[in-house]
Amino acid sequence: MIRALAATLAFSLTALAVAAVPADAHGPTRQKVNKTVEINAPADKVWKIIGNFQDMSWHPAVEKTEGSGGNEPGAKRKLTLKGGGTINEALSRYDAADHSLSYEITEVDVKVLPVNNYSSTLSVEGEGGKSVVRWKGAFYRGFTNNDPPPELNDEAAVKAVTGVYDAGLAAIKTAAEAGG
Amino acid sequence: MQPLAVRAGTLRRSFVAALASIVCVAVVPAKGASAGSGGREHTGAVPTAFAYVTNQGSETVSIVAIGEGGEKMQVTGEIKVPGKPAGIALSPDRRTVYVTAPEAKELVVIDRATADVRARVRAGEGPLGIAVNPVTGDVLVADWYEHKLLVLDATTLAVKGAVKTGQSPSGIAVTPDGGRILTTDRDSNQVSIIDAKSLAVVATVPVGERPFGIAIDADGQRAYTANVKSNDVSVIDIATARTVATYKVGRRPYAVALARGRAFVTDQYSATVTVIDLTSGEKLTSIPVGEHPEGIWSTASGSHVFIACWMENTLERVDTGTLKVTGKVEVGDGPRAFGDFLVEEAPSRAPR
């Protein structure tokens, strides 16, 4: 499944050029996606997989993470997706004790991800030997004016982010539950 | 606006479609409020004050007994409002609730006595911010897309006037004497000061970047804008139409409420309410609240401010003396409550 996803991403993204989108432009209705996955592994183990802002290799769509600033607020990273699309992100909050980090997309082509003004929090909560990973995102649709085309409307934005989250959470679960 | 490469649309759609077909698609969990029907039933200590909270995701307005005396907050009713309701305001007699529904492009009029929608009328292309002139009762709607302030007659609900503002007017505030209307023109980084009678723009005032919410003090002298992008609050002297101070707040400030000589500012990305002493200009504290705090409003007495937390789906109560969260309740999905959303039982009160 993961491989199929990556292959699809690779194919879809290859031909796309990246254009700057104003990060602060939006219409009136912000969207949100809030997803969780239960994992049979302790929170510390899960956090080891996802807690480094400079390494998003746990996500099946991400080919490469390049960045600076470590895990300090203000740190930057550039995600190169399998196939070549890129997403630039900045870390806004990092709490290792609480197993939680928040970041924003600073630049993405709406053809790569049809959203604007995207912010997100990824966190792990432990319950004994188990844990729950939560991935929350807030964003506006890709088309910032009235009456958007279907591929850049609210539903398209929610669907795209949901897809990214579901694929990522499934991969975290697989990685965390594998081996000791 | 960014250019759209239509040719690439098919490719991108296939990316989205492929993702969606591979992974299991689940709808955002609708936690919803455990609301009864009707607006006025309540139990225990009799609450005398209510909040009307626009829930953009669930397309409802939650009616919440706010327990100003410190009682437990509780949802007492829910009203269906299609069209992604966001902005909210109340009539001078506090009997009518006005809500903007941007997706439906409508002004929705709710009768408090029946807790039901009384009327829905078309209001421009992108109605978002809303306010009521406390003296004339005129309903003022900011049209985000057409860059206008619309003036609707409270009785006929007809658009009786329109003013060209800057780009993407967002928040609206009116001076207590009803004489001046201020709009935050988000994409022009300015505030328009409009004469309420002649509907002439008498001044535009440069403020911080991307001003959104706006509040005017009880004297009608100063206005405070929450500047989303520059992470600060601009203080405007209305008479001289100048920015006289700028206060740093948390990240992505959304709206401002005034109480006890303090400004309470919702910081969306920081998940805090920044409190600023308006005499000294000093920041007093940042109060952690639910994620993505948005709409904020003060009780008439200034005893509490109430905050709609968009990501958390809560309405939270902050004691303006102790500066602590003293209550919260789950409302519908995606609460915004952008505007005046608090009703106290006294039929009228001094505007803030």
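## A tour of the strands of chain B

Select Ala263(B) to begin: in strand β22 of chain B, the residue opposite is Ile276(B). Strands, like helices, are DSSP runs numbered from the N terminus (E, at least two residues, for strands; H or I, at least four residues, for helices).

The model is predicted, so local features are given only at pLDDT of at least 70 and side-chain atom pairs only at pLDDT 80 or more, while totals for chains, interfaces and linings use all residues. Residues are numbered from 1 along each chain as its sequence is written, and chains are lettered from A and ligands numbered from 1 in the order in which they are written.

**First stop: β22 and its sheet**

Select residues 272-277 of chain B, which form β22(B); 5 of its 6 residues are buried. A buried residue has 20 or more other C-beta atoms within 10 Å of its own, an exposed one 12 or fewer, and a partly exposed one a number in between, with C-beta atoms placed from the backbone.

Asp267(B) has Thr272(B) as its bridge partner in β22(B). The two strands make a hairpin with 4 residues between them, and Ala271(B) in the turn has a positive phi of about 55 degrees.

Next, select β23(B), residues 283-288, which pairs with β22(B) in the antiparallel sense over 5 bridges. Here Val273(B) stands opposite Ile287(B). This hairpin has 5 residues between its strands, with Gly281(B) in the turn at a positive phi of about 75 degrees.

Now show the whole open sheet, whose 4 strands follow the order β20-β21-β22-β23 (chain B) with antiparallel pairing. Its edge strands are β20 (253-259) and β23 of chain B, each pairing on one side only. From one strand to the next, the twist averages 20 degrees (axes are lines fitted to C-alpha atoms, for helices over the stretch in contact, and angles run from 0 to 180 degrees between N-to-C directions).

**Second stop: β10**

Move to residues 148-152 of chain B, strand β10(B), where 5 of the 5 residues are buried. Both faces are covered: Lys148(B), Leu150(B) and Leu152(B) lie on one side, Leu149(B) and Val151(B) on the other.

Select β9(B), residues 139-143, which runs antiparallel to β10(B) through 5 bridges. Val141(B) has Leu150(B) as its bridge partner. In the turn of this hairpin, which has 4 residues between the strands, His147(B) has a positive phi of about 60 degrees.

On to β11(B), residues 159-164, also joined to β10(B) by 5 bridges and antiparallel. Leu152(B) stands opposite Val159(B). The β10(B)-β11(B) hairpin has 6 residues between its strands, and Leu157(B) in the turn has a positive phi of about 60 degrees.

Select Val64(B) and Val256(B), which touch the most other members of the largest nonpolar core, a set of 143 residues. Such a core consists of buried Ala, Val, Leu, Ile, Met, Phe, Trp, Tyr and Cys residues joined through C-beta atoms within 7 Å. Helix α3 (residues 154-177) of chain A gives the most to this core, with 12 residues.

Terms used: Two strands pair if DSSP finds at least two bridges between them.
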